[in-house]
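Okay, thanks for coming, everyone. I'd like to walk you through one model today, so let's get it up on the screen.

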Number of protein chains: 2
Amino acid sequence: MRASRPAVHPVEAPPPAPAAAAQALGEGEGAAHPRGVRMKDPPGAPGTPAGLGLRLAQAFFAAAALAVMASTNDFPSVSAFSYLVAAAILQCLWSLLLAFVDIYALLVKRSLRNARAVCIFTIGDGITGTLTLGAACASAGITVLIGNDLNICAENHCASFETATAMAFISWFALAPSCILNFWSMASR
Amino acid sequence: MRASRPAVHPVEAPPPAPAAAAQALGEGEGAAHPRGVRMKDPPGAPGTPAGLGLRLAQAFFAAAALAVMASTNDFPSVSAFSYLVAAAILQCLWSLLLAFVDIYALLVKRSLRNARAVCIFTIGDGITGTLTLGAACASAGITVLIGNDLNICAENHCASFETATAMAFISWFALAPSCILNFWSMASR
């Protein structure tokens, strides 16, 4: 009797192996996740809360640069300041657009790791980032010329110019991680 | 006699199949090429003649910007022009250093697709590129201020400032492909 006794203790069924099941789909690298559904994006990538935060920060600081610069009445007399206003408008619109895309992706819980979308995001980020950095540097050059080299701050709105330039730089610093992450995910697919 | 006659025509020995031999090493993706030896780099990547040409172009235009700006006697009075000189020196040194690395790689026919080397190249390119673009934009802002907004070119070296700024921009345009290619090959490994 002892030799033929079967196991009577309840044995837990092993949990189903989702990875193995998904492997059976045979989709290569993307096999563990069905196509189009949220994958494990790095924080800051489009379609993640951190990515949305970066976009909102870009748009906010670009709008701040625009508002502060436009609040001075003599910015159109300097080409670089007009260029900063134009670049800030473009940066603000682009970041707001991508923020809405991110909000949509978060609401419907879809991944934005689409090859064409990432390519468009990367090129747009690269262009707006270059323009914003150029505008910020041009404004910084003129602000330093007015404030430190010529010392004519008394008759100019140095504080506003410096604040707008700083806001544009901060907007660019918020844009750089988005651009690098997009380029990385475009190249590593 | 006819039946047993061996082949008397000289038969060329088939060329050895290097790919098959290398496959036997079983090194996965890099199996077709022994490690460290020249792989099929994209044109413009480090260690290729196009990459060397880009580096030399960067160094040449940075040196031209430096020489033209330093030939004016009043550039130290404007911070942005001093910054352009500093950025051009850094750009020139960095590009010359990488040009020597490229020449070495071409002479000994070694590939530079080493993970750590590509990472260092990318970070260095990114930093020098940002500094050069910033310096060029700052100089451009001040050059436009002097020439178009204030119309005081008569008492300034506007032509020299404009030439130096243009050279710095061209140097940055030559740097951008190197940086993008390095980042791409870093991300896609």
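Take residues 119–146 of chain A: the end C-alpha atoms are 40 Å apart, and the span is 100% helix and 0% strand. Helices here are DSSP runs of H or I with at least four residues, strands are runs of E with at least two, and both are numbered from the N terminus. That stretch comes from a UniProt record, an unreviewed entry, which lists residues 52–71, 83–107, 119–146 and 166–184 of chain A under "transmembrane region". Residues 52–71 of chain A are likewise 100% helix and 0% strand, with 28 Å between the end C-alpha atoms.

Some housekeeping before I go on. This is a predicted model, where local features need pLDDT of at least 70 and side-chain atom pairs count only at pLDDT 80 or more, while totals for chains, interfaces and linings use all residues. Residues are numbered from 1 along each chain as its sequence is written, chains are lettered from A and ligands numbered from 1 in the order in which they are written, and side-chain values use heavy atoms, with hydrogens and water left out.

Back to the record. The unreviewed UniProt entry also carries the annotation "domain: Casparian strip membrane protein" on residues 46–174 of chain A. UniProt positions follow the numbering used here, feature names are shortened, and annotations may be inferred rather than shown by experiment. In the model, that 46–174 span of chain A is 81% helix and 0% strand, and its end C-alpha atoms lie 13 Å apart.

So what does chain A as a whole look like? Chain A has five helices and zero strands, and reading from the N terminus you get α-α-α-α-α. Of its 189 residues, 41% are buried; buried means under 20% relative accessible area, exposed means over 50%, and partly exposed is in between, with a 1.4 Å probe and protein chains only. For contacts, meaning heavy atoms within 4.5 Å, take those in chain A with a separation of 6 or more: 77% of them are between residues 24 or more positions apart. The accessible surface of chain A is about 10,500 Å², and carbon and sulfur atoms own 69% of that. Those areas are Shrake-Rupley values with a 1.4 Å probe, and for residues only the protein chains shown count as cover.

Now helix 3. The expected figure is 1.5 Å times one less than the number of residues. Just past the end of helix 3 in chain A, A:K109 has a positive phi of about 55 degrees. Over in chain B, helix 3 (residues 79–107) also reaches 42 Å with 29 residues, and B:K109 follows with a positive phi near 55 degrees.

Helix 3 of chain A also matters for the surface, giving the most to a nonpolar patch, with five residues. The patch is about 690 Å² and is made by A:L56, A:L96, A:F100, A:I103, A:Y104, A:L107 and A:V108. Patch residues have over 30% relative accessible area and no salt bridge; like charges are joined within 9 Å, and nonpolar side chains (Val, Leu, Ile, Met, Phe, Trp, Tyr) within 5 Å. A:V108 sits in the loop between helix 3 and helix 4 and is partly exposed, at 37% relative accessibility.

How many salt bridges does the whole structure have? Two, over all chains, counting a side-chain nitrogen of Lys or Arg within 4 Å of a carboxyl oxygen of Asp or Glu. One is A:D125 with A:R55, the closest N and O atoms being 2.9 Å apart. A:D125 is in helix 4 and A:R55 in helix 2, so the pair ties together parts 70 residues apart in sequence. Both A:D125 and A:R55 are buried.

In chain B, B:D125 pairs with B:R55, again with closest N and O atoms 2.9 Å apart. B:D125 is buried at 1% relative accessible area, and B:R55 is buried at 3%. And who else is around there? B:S178, from helix 5 (residues 158–187), touches B:L54, B:R55, B:Q58 and B:D125, leaving aside residues up to four places away in sequence. B:S178 is itself buried, at 3% relative accessibility.
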